[in-house]
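My entries follow in the order in which I looked.

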Amino acid sequence: MHDTADLTLRPAGPGDVALLRGWERYPHVPSSPPGCDWCWEVELAAPRAGVEPMIALLAGRPLGFLQILDPAREQTGYWGPVGEGIRAIDIWIGEPADLGRGLGSRMMASALARCFGEAGVCEVWVDPLAGNRRAHRFYARHGFRVLGPRVLDGDACLVMGLSRSDWQAAGRGATLRRR
Ligand SMILES: CC(C)(COP(=O)(O)OP(=O)(O)OC[C@H]1O[C@@H](n2cnc3c(N)ncnc32)[C@H](O)[C@@H]1OP(=O)(O)O)[C@@H](O)C(=O)NCCC(=O)NCCS
């Protein structure tokens, strides 16, 4: 069980554009698509239906970005036709000094608790780039299984999924079950 006591999530808003742009300068952070200079301004001014962008805070300090999507409602069609009960997660840490210290695992634990806290959600998907082996390992450690390679928005990705039953079997649903 991950201690998430001093880790909180809050909605990302227009006031976070400079923070996100600052983080995008680092090579480990996925950057906006080329030519999309105003992506964050547009995204954060009025988040799209089915998209929940959030900032993770560690004891109040911005730590990273976390986005939960409902592929059935999200309107760009990024995931293609998808039924109800799925959520997709995008996650990254901002400052390089915060990488590899267990903080992303705590963010992921919060994200999964939030996804599976909704009764109808049966599976969570992630889509790391096919070559991002360290991210594959990170997700596998959190119980995700490989669903298969897919090209998403022109990028070769590896789609991985975590079912509610696998999440619960790993003891991660214990807090919710006790409620
Ligand atoms: C993936 C990520 C959120 C994990 O958070 P973290 O706090 O670094 O991870 P933890 O300390 O909890 O766990 C360590 C594991 O995270 C992964 N990881 C660490 N640094 C990483 C990096 N720069 N890129 C990708 N994965 C990384 C590795 O699997 C690592 O295990 P290893 O040391 O055995 O290789 C974070 O590393 C990150 O933001 N990476 C860059 C962006 C990214 O790849 N996002 C996910 C795909 S979109």
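I took helices (H or I, at least four residues) and strands (E, at least two) as DSSP runs, numbered from the N terminus. This is a predicted model, in which local features need pLDDT of at least 70 and side-chain atom pairs count only at pLDDT 80 or more, while totals for chains, interfaces and linings use all residues. Residues are numbered from 1 along each chain as its sequence is written, and side-chain values use heavy atoms, with hydrogens and water left out.

Entry on the shell. I found 18 residues around the ligand, the closest being Gly 102, Gly 104, Ser 105, Arg 134 and Arg 137, where near means that a heavy atom of the residue lies within 4 Å. Strand S4 (86-93), helix H3 (103-116) and helix H4 (133-141) each give the shell at least two residues, and H4 contributes the largest share, six.

Entry on polar contacts (pairs of N or O atoms within 3.5 Å). A backbone N or O atom of Arg 134 is 2.6 Å from a ligand oxygen, and one of Phe 138 is 3.4 Å from a ligand oxygen. In Arg 141 a side-chain N or O atom lies 2.8 Å from an oxygen of the ligand. The ligand taken alone exposes 820 Å², of which the protein buries 83%, by the Shrake-Rupley method with a 1.4 Å probe.

A pocket is an open set of points on a 1 Å grid over the protein atoms alone where a 1.4 Å probe fits, with protein on both sides within 12 Å along at least five of seven lines, and lining residues have an atom within 4 Å of a point. This pocket is lined by 48 residues, including Val 29 and Trp 92.

Conventions
Polar contact = N/O pair within 3.5 Å; in protein donor to acceptor, adjacent residues only side chain to side chain.
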